[in-house]
Amino acid sequence: RIIPHREKKRKMLFQDIPRKENHPMKDFTYSYPTHVYFGKGVLANALKAELPVEAKKVLLAYGGGSIKKNGVYEELLEILKAAGKKVTEFAGIMSNPTYAKVQEGAKLAKEEGIDFILAVGGGSVIDCCKIVCAQAVTGEDLWELEMVRHKAPSKAPIPLGAVVTASGTGAEMNGGAVITNEDAKIKGGMFAAAPRFAVLDPDYTMSLPRMQVLSGAFDTLSHAMETYFGRSDRDNVSDEVALAVMHSTVVNMRTLLKDINDYTARSNLMWTSAMAENGILKVGRVTDFECHQMEHQLGAYTDCNHGQGLAVLHPAYYRHIVKDAPEKFARLGRVVFEVEGAEAAVDALAAFIRECGLPTRLGQLKSKVEITPELLRQVADSVNLLPNGPR
Ligand code: NZQ
Ligand code: ZN
């Protein structure tokens, strides 16, 4: 099944980036829009510094209720009320947020005349809010505008801030949002404004279930690997930083396997998560992200956990491409897993996934529907193909 707008996008991408060229470092302009407040107890000061005085009506957005159990909700309400803000709640943002949920949030923001949105949660809440911010100021259908017509929204979005309670995606420090359109059966990346500020308090992640901590951290590892396996293929500073982020992520995940509550490891992982997706690793590079394309479609059909879907797919994808980039795989193996050889690097990654207790087979993924060969055929046929990987 070919999805017409996907096909158009694919052709466009292939034209833009000739495959055989020996890629030089890509041109870039670097600036960073998100102020980051990192550490225990930084929330009150961060909001004091960042909430615009003129913003009177704040939309407090969150997920299924974890923030009510771990005290973050009360803390926030107290600060917002003391600052004289009128608070409207937008609750129930689900994992793998849907375009329908975006519309619900945008309608609420319009009706209430919201002038600031505070997203409190993991990647799902932050991503949903990124598009709510833009959808609330326009009557246009943003999915149609971005995914079919490939245009960016023209109106300035409602400003957004993020309080991170689950790390891994790095969504708090970038301008992309991954949204599931249930009608089109596509989970796709939409463009959005990055949050103006992000609060990263590792304490807020301490109530996360163990498996979510590890799945999130694996997502971070995946982001660094997907960036590293893009191009240019020549050594450059972004590759070195990516390898350091991978190494640190693996080391700290191993610390958590011994003690899931290790605060320093949680802190390091919160920062590697942001580092992997704040654009710094991508400077001068065209990224791969084919494994993410596959996982996103798997998510569109099954609603599986993002990090866990990646854990299943990565070793299979890397076995498929290992011969196309043997030196790069070998270097990753040496730096991250202390093994020699390209195939040994992929084996070490697969062994690490098992060591973490993450799923290794599609059948182990928690899915809202049964994962059948027919369903996987549909997933495969609708995956966005990018021309940037080693093969
Ligand atoms: O909804 P609540 O009750 O808050 O529970 C959530 C949810 O069930 C729970 N949780 C969050 N903080 C918690 C907590 N539970 C206890 N204590 C806390 N402190 O964790 C569960 C998962 O949350 P979710 O936000 O769905 O996870 P994650 O941060 O992994 O985000 C996944 C989404 O981000 C997208 C993924 O595709 C997926 O849709 N991504 C976004 C990216 C981006 N914008 O840059 C990049 C990524 O590659 C990724 O695609
Ligand atoms: Zn990811």
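Met25, Phe28 and Tyr30 make up a nonpolar patch on the surface, and together they have about 320 Å² of accessible area. Keep in mind that this is a predicted model.

**The surface patch**

- To find Phe28, look in the loop between helix 1 (4-16) and strand 1 (35-38).
- Phe28 has a relative accessible area of 46%, so this residue counts as partly exposed.

**Polar contacts and cover of ligand 1**

- Ser207 places a polar side-chain atom 2.8 Å from a nitrogen atom of ligand 1.
- Tyr204 takes part through its backbone: one of its backbone N or O atoms is 2.8 Å from a nitrogen atom of ligand 1.
- In Asn70, an N or O atom of the side chain is 3.4 Å from a nitrogen atom of ligand 1.
- On its own, ligand 1 has 960 Å² of accessible area, and the protein covers 87% of that.

**Backbone details to look for**

- Here is some background for this group: most residues other than glycine have a negative phi, and most peptide bonds are trans.
- Asn96 is not a glycine, yet its phi is positive, near 55°.
- You will find Asn96 in the loop between strand 3 (86-90) and helix 5 (99-112).
- Is Asn96 buried or exposed? Its relative accessibility is 8%, so Asn96 counts as buried.
- Glu338 also has a positive phi, about 55°, although it is not a glycine.
- Glu338 sits in the loop between helix 13 (326-337) and helix 14 (342-355).
- With 66% relative accessibility, Glu338 counts as exposed, because the cut-off for exposed is over 50%.
- Which residues does a cis peptide bond join? They are Arg231 and Ser232, and omega is about 20° there.
- Ser232 belongs to the loop between helix 8 and helix 9 (237-258).

Notes:
Residues numbered from 1 in each chain as written. Chains lettered and ligands numbered in written order. Predicted model: local features only at pLDDT ≥ 70, side-chain atom pairs only at ≥ 80, totals over all residues. Heavy atoms only, no water. Patch = residues over 30% accessible without salt bridge, like charges linked within 9 Å, V, L, I, M, F, W, Y side chains within 5 Å. Areas by Shrake-Rupley, 256 points an atom, 1.4 Å probe, with all protein chains shown as cover. Salt bridge = Lys/Arg side-chain N within 4 Å of Asp/Glu carboxyl O. Helix = DSSP H or I, 4+ residues; strand = E, 2+ residues; numbered from the N terminus. Buried < 20%, exposed > 50% of the residue type's maximum accessible area, 1.4 Å probe, protein only. Polar contact = N/O pair within 3.5 Å; in protein donor to acceptor, adjacent residues only side chain to side chain.
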